[in-house]
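Please look at the structure below with two topics in mind: how two of its chains meet, and how one residue is placed within its own chain.

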Amino acid sequence: MYVAVDLAGVAAFALSGALVAVRKPLDLFGVLVLATATGLGGGFLRDVLVGQIPPAALEDWRYLAVPVVAGLVAFRFHRGLGRIEREIAVFDAAGMGLFCVTGAVLALEFGLPAVSAALMGMVTAIGGGVIRDLLAGRVPVVLREQLYALPALAGAGVAVAAVRLGLDDLAVIACGATVATGWRLLALRRDWHAPLPPGMDGY
Amino acid sequence: MYVAVDLAGVAAFALSGALVAVRKPLDLFGVLVLATATGLGGGFLRDVLVGQIPPAALEDWRYLAVPVVAGLVAFRFHRGLGRIEREIAVFDAAGMGLFCVTGAVLALEFGLPAVSAALMGMVTAIGGGVIRDLLAGRVPVVLREQLYALPALAGAGVAVAAVRLGLDDLAVIACGATVATGWRLLALRRDWHAPLPPGMDGY
Amino acid sequence: MYVAVDLAGVAAFALSGALVAVRKPLDLFGVLVLATATGLGGGFLRDVLVGQIPPAALEDWRYLAVPVVAGLVAFRFHRGLGRIEREIAVFDAAGMGLFCVTGAVLALEFGLPAVSAALMGMVTAIGGGVIRDLLAGRVPVVLREQLYALPALAGAGVAVAAVRLGLDDLAVIACGATVATGWRLLALRRDWHAPLPPGMDGY
């Protein structure tokens, strides 16, 4: 169950990475590399930090196939995907919401306390996008104006609470991902943002 | 004892990261993310490389509370902190001096040879600042003109020597951190720098 | 045997990192830091992901000596190395070819399946250059126009196949490194590149 969600998160992040690469534009292999790094980067970071070594993605060929297929799809059909900038943000939000759940649940399984598990969920959710943006020379999405880290942390916290309450897997995933992705998309659409430092509002 | 020093290093680096974020300016959550990444990044790198997995910071809530509090303080009171650029360098130098000691001592505890332990101390001391500067789009402090890597390596080497000589914890910390932070601050104040490549002096 | 190849890869990558640093120009310690990070970064990434913790480089002083010596040589004799930009690419291609073999072979030894071992070879081969370019503020070489990731993956795949066929170590190294480095250098010389996304050719 969590593997399917994890693969969906990989696909969503890989699409976001591939679209960033298409827009630069990079060539076919640049697109595939950025799709793979974005799709698997957050999970690698999560696995190394909680101690799942080698990372699950290295022992399951589906984790390698998904970002390659996503990269090829984005390479071929990027025009059909419409306004690219918005699509990147939507796929990124979907990947973020799915990964904050899988990161938090895996951390709980490895015996981390609840607060740390929520943090690991946030790190997993943020990691892929940070790697994508560093490689592509963009300001990391998590440091930009609209809310990003807060929805990721909230989704991970909701997932931790749902696990502790004994909800079943589907409910855990639905609650956590809905909170994180929904909040992020609302923040994007309504241009919500957190307060600036006092005295810096004039920028 | 070393946990207290480690937490002080986390606080110093978190303040440096938060002040970089305030100066861009990022919003409240951007400040907290950059403070946390800067404060915990070097220690995560150290723990993963020496084999302390999951990292100590994930199993102790104080490691998560310290950067958040430091980020909130910097966010609210950044104007009272005066000339921000200089403050960043001072907090950064303090974090660097504390982390070069904890990195070297932990590496010795995990059985690494002396030279590697000194290198791990340097990596720990440099890591947080590199992560901060990469995320913020600045040239990493370790590659800039005044001395940085050399004081970090020297402080780590002094700490390794002090442990091998059987000095007590307080002496190890005092010697290593004083050498690293003191040398770094002197290099900043007097604008000491290492030689440039031959033929490149004209830049 | 593989240690010797690994050290040669460290030396080649360290030279490429040192020459990037000389060209900015950074000072002596900046050159040494960038040489060490470039030389050891890919191997650290490989070791952490396959579970060789602490990384081999931390338990063998030669891994620390090689990049320092390479950095000093590049610092002192960079003018004798001629047209620097081309030299960087040649050393980078050599390091890439050697690391894609050692990464793939180590991953096989740690029990990873063939496809994952080839991927790990590619990650090892790409990692050092990505770290170098991120630290130096350059576009990562793997995302630039000429082929890079594909030769690295091909060399790693050839090495995996050679191991599975039971060839001896020297043949494994020769086949893998020749394919990767040779293809990369040909791509550079003849300006081969992969196709751009459809509709983006006009850039």
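This is a predicted model: local features need pLDDT of at least 70, side-chain atom pairs count only at pLDDT 80 or more; totals for chains, interfaces and linings use all residues.

**The contact between chain A and chain C**

- The contact draws on 24 residues from chain A and 30 residues from chain C.
- About 2400 Å² of area is buried between chain A and chain C, and carbon and sulfur atoms give 79% of that area.
- Between chain A and chain C there are zero salt bridges, while three residue pairs, both at pLDDT 80 or more, are in polar contact.
- On the side of chain A that touches chain C, at least two residues come from each of helix H1 (2–23), helix H2 (28–50), helix H3 (61–77) and helix H5 (114–136) of chain A, and H2(A) gives the most, with seven residues.
- Sorted by class, this side of chain A has 17 nonpolar, two polar and five charged residues.

**The surroundings of Asp133(C)**

- Asp133(C) belongs to helix H5 of chain C, which covers residues 114–136, and Asp133(C) counts as buried because its relative accessibility is 0%.
- When neighbours within four places in sequence are left aside, Asp133(C) is in contact with Arg138(C), Val139(C), Pro140(C), Val141(C) and Arg144(C).
- For Val141(C), the side chain of Asp133(C) reaches the backbone nitrogen at 2.8 Å.
- Asp133(C) and Leu26(C) are 107 residues apart in sequence, and from C-alpha to C-alpha they are 14 Å apart in space.

Key
Residues are numbered from 1 along each chain as its sequence is written. Chains are lettered from A and ligands numbered from 1 in the order in which they are written. Side-chain values use heavy atoms; hydrogens and water are left out. Contact means heavy atoms within 4.5 Å. Buried area is the accessible area (1.4 Å probe) that two parts lose on being put together, summed over both. A salt bridge is a side-chain nitrogen of Lys or Arg within 4 Å of a carboxyl oxygen of Asp or Glu. A polar contact is a pair of N or O atoms within 3.5 Å; within protein, one must be able to donate a hydrogen and the other to accept it, and residues adjacent in sequence count only if both atoms are side-chain atoms. Helices (H or I, at least four residues) and strands (E, at least two) are DSSP runs, numbered from the N terminus. Ala, Val, Leu, Ile, Met, Phe, Trp, Tyr, Cys and Pro count as nonpolar, Asp, Glu, Lys and Arg as charged, and the others, Gly among them, as polar. Buried means under 20% relative accessible area, exposed over 50%, partly exposed in between (1.4 Å probe, protein chains only).
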